[in-house]
Amino acid sequence: MTYWLMKSEPDVYGIDHLAAEPDGIEHWDGIRNYQVRNMFRDQFRIGDQAFFYHSNTKVPGIVGVMEVVSEAYPDHTAFEPGKYYDPKSDPDNPRWLMVDVRYLRHTRRVITLAELKADPALSDMALVRRGNRLSVMPVTNDQWAHILEMEKRDAE
């Protein structure tokens, strides 16, 4: 199993939205970054788990846990007029991919970005490295376990 962190703005699509979906399952669409597209295509596997991270909010942080429940497949929003439309993406040769995720649980509390940045054990985590703006990033086994232990602590 591989672990991930996936960011979304809570007012656009947050952990509560995912939890309210039928069976807690929804597609993770709108990725328009080749590096993330390649991760979806080459690295994401059914059964992988991901932290749901609320970004662009007053207190950004990890708010839940979800599971990957599909292999990557074409992101249909690239073919439809709207926010994620890409006229260069072709249904016969799609440029963009998405995966389906299932809600597993909310974290006991928000594990804030400030906490994650302040923890020396996470200094090499992609999320806290300067200049990393990807919306999806890998999390190592050690980082995953450490963050789950952080969840048990009172907020600092």
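Which residues does Q143 touch, not counting residues up to four places away in sequence? In this predicted model, Q143 touches L122, D124, M125 and P138.

Q143 is found in helix α5, which covers residues 141-152. Is Q143 buried or exposed? Its relative accessibility is 5%. Buried means under 20%, so Q143 counts as buried.

The side chain of Q143 also has polar partners. It makes a polar contact with the side chain of D124, at 3.3 Å. The side chain of Q143 also reaches a backbone atom, the nitrogen of T140, at 2.9 Å. D124 is also among the residues that Q143 touches.

## Helix α5

Helix α5 has 12 residues. From its first C-alpha to its last it reaches 18 Å. That is close to the 16 Å expected at 1.5 Å a residue.

Which residues of α5 are buried? They are Q143, W144, I147, M150 and E151. Seen down the axis of α5, these buried residues fall within an arc of 120°, so they line one face of the helix. The general rule is simple: an α-helix has 3.6 residues a turn, so residues three or four places apart point the same way.

The other side of α5 has exposed residues: N141, D142 and K152. What do the buried residues of α5 pack against? The strands are β1 (3-8), β3 (49-54), β4 (61-68), β6 (97-112) and β7 (136-139). Helix α4 (113-118) is on the list too.

## Aromatic pairs

The structure holds six aromatic pairs. One of them joins W4 and F44. This pair is stacked, with 4.2 Å centre to centre and 25° between the planes. W4 lies in strand β1, while F44 lies in the loop between α3 (34-42) and β3, so the pair ties together parts that are 40 residues apart in sequence. Both W4 and F44 are buried.

F51 and W144 form another stacked pair. Their ring centres are 3.9 Å apart, and the angle between the planes is 25°. This pair links distant parts of the chain. F51 is in strand β3 and W144 is in helix α5, 93 residues apart. F51 is buried, at 0% relative accessibility. W144 is buried as well, at 5%. Ring pairs also bring in Y3, linking Y3, F51 and W144 into a cluster.

## Salt bridges

Side chains of opposite charge can pair when their charged atoms come close. How many salt bridges does a search of the whole structure find? It finds nine.

R45 and E71 form one of them, with their closest N and O atoms 3.8 Å apart. This bridge links distant parts of the chain. R45 is in the loop between α3 and β3, and E71 is in the loop between β4 and β5 (73-74), 26 residues apart. R45 is partly exposed, with a relative accessible area of 37%. E71 is partly exposed too, at 39%.

E115 and R109 also meet in a salt bridge, 2.8 Å from N to O. Are these two residues buried or exposed? Both E115 and R109 are buried.

E149 pairs with K152, and their closest N and O atoms are 3.0 Å apart. Both residues lie in α5, three residues apart, which is about one turn of the helix. E149 is partly exposed, at 43% relative accessibility. K152 is exposed.

Methods:
Residues are numbered from 1 along each chain as its sequence is written. This is a predicted model: local features need pLDDT of at least 70, side-chain atom pairs count only at pLDDT 80 or more; totals for chains, interfaces and linings use all residues. Side-chain values use heavy atoms; hydrogens and water are left out. Helices (H or I, at least four residues) and strands (E, at least two) are DSSP runs, numbered from the N terminus. Buried means under 20% relative accessible area, exposed over 50%, partly exposed in between (1.4 Å probe, protein chains only). A polar contact is a pair of N or O atoms within 3.5 Å; within protein, one must be able to donate a hydrogen and the other to accept it, and residues adjacent in sequence count only if both atoms are side-chain atoms. Contact means heavy atoms within 4.5 Å. The expected span of a helix is 1.5 Å times one less than its number of residues. The arc is that of the directions from the helix axis to the C-beta atoms. Rings of Phe, Tyr and Trp (its six-membered ring) pair if their centres lie within 6.5 Å; planes under 30 degrees apart count as stacked, over 60 as edge-to-face and the rest as tilted. A salt bridge is a side-chain nitrogen of Lys or Arg within 4 Å of a carboxyl oxygen of Asp or Glu.
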